[in-house]
Amino acid sequence: RARPAMASSARATSASTASTAPEWVGELRDRLKPRFADAPNLYWRGGDLGVGSRQVHGEDSVFGLLHAAGAFHDPCLLVDESQQQVLLTMRTGRDTAGHPGITHGGFTSLLLDEMAGQAYCEFVQRTRGPGVTANLNIDYCAPMPTESHVLVVASLRGVDGRKVRCDVRVMDGAAYAADGGEDGTIFAKANALFVVLAKDQE
């Protein structure tokens with residue numbers, strides 16, 4: 001079913017700090033298309049709901065709650081079809097810390113799981129139907145600062161029957177924006193296994 005139109009005030013709030021973003025954020029947004037053109041800055045409200053759609057979230061999405069609470073700012077969900085990747089640029093919030101000034105690992109794991117799910121929905125869901133996370137194996141590589149711009153990249157790695165595998169990384173996006181490399185800091189990375197739901201589970 002179609003989504004209700006976004007309020008202009010919500011869009012303005014999401015974009016309120018865009019002028020403070022580093023250059024690599026703008027470079028990626030200029031180069032790649034948004035996953036949901038109708039909601040580029042509030043992606044969990046974009047697209048249509050229902051079987052065969054590209055959206056995983058409903059009107060009760062936790063990301064709406066977290067965004068309203070200031071857990072993250074300036075989100076933009078992008079697609080690189082040639083690489084079978086979905087990318088999220090965003091700025092972490094001040095009050096997402098575990099240790100002072102360092103983003104809580106639980107919030108980082110939420111981002112990894114979310115983006116693996118977005119890759120699944122973009123490249124698999126329309127033809128195979130809904131899927132769910134069966135396993136998420138995470139390596140925390142470096143402390144991720146609060147109030148910092150980060151890039152989350154999810155790559156589809158393979159489909160074997162009902163099993164779908166994705167790789168996900170949270171990183172400083174400067175090196176990636178320049179040449180697709182990973183020379184910059186990687187804060188965390190994960191291997192995700194999704195399972196396509198059986199028809200009687202949808």
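Leaving aside neighbours within four places in sequence, which residues is Phe72 in contact with? Contact here means heavy atoms within 4.5 Å. The partners are Trp44, Phe63, Leu66, His67, Met90, Arg91, Thr92, Gly93 and Phe107.

Some ground rules. This is a predicted model, where local features need pLDDT of at least 70, side-chain atom pairs count only at pLDDT 80 or more, and totals for chains, interfaces and linings use all residues. Residues are numbered from 1 along each chain as its sequence is written, and side-chain values use heavy atoms, with hydrogens and water left out.

Now, confidence. pLDDT is the predictor's confidence in each residue, from 0 to 100. The chain's mean is 86, and 87% of its residues reach 70 or more. Residues 1-18 stay under 50. The model has 39 contacts beyond four places in sequence for that stretch.

Next, the layout. The chain has five helices and seven strands. These are DSSP runs, numbered from the N terminus: helices are H or I with at least four residues, strands are E with at least two. Along the sequence the pattern reads α-α-β-α-β-β-α-β-β-β-α-β. Take contacts between residues at least 6 apart in sequence: 70% of them join residues at least 24 apart.

On to the inside. Of the 202 residues, 47% count as buried. Buried means under 20% relative accessible area, exposed over 50%, partly exposed in between, using a 1.4 Å probe and protein chains only.

Back to Phe72. In the largest nonpolar core, with 36 residues, Phe72 and Met115 touch the most other members. A nonpolar core is a set of buried Ala, Val, Leu, Ile, Met, Phe, Trp, Tyr and Cys residues joined through side-chain atoms within 4.5 Å. Several elements each supply at least two residues of this core, among them α3 (62-68), β2 (72-80) and β7 (186-196). Helix α4 gives the most, with nine. A second, separate core has 13 residues, including Trp24, Leu28, Leu32 and Leu87.

Look at Thr89, in strand β3 (residues 85-92). Is Thr89 buried or exposed? Buried, because its relative accessibility is 1%. Its side chain makes a polar contact with the side chain of Arg29, at 3.1 Å. That term means a pair of N or O atoms within 3.5 Å; within protein, one must be able to donate a hydrogen and the other to accept it, and residues adjacent in sequence count only if both atoms are side-chain atoms. Thr89 also touches Trp24 and Leu28, among others.

Last, cysteines. A disulfide is a pair of cysteine sulfur atoms within 2.5 Å. The count is zero.
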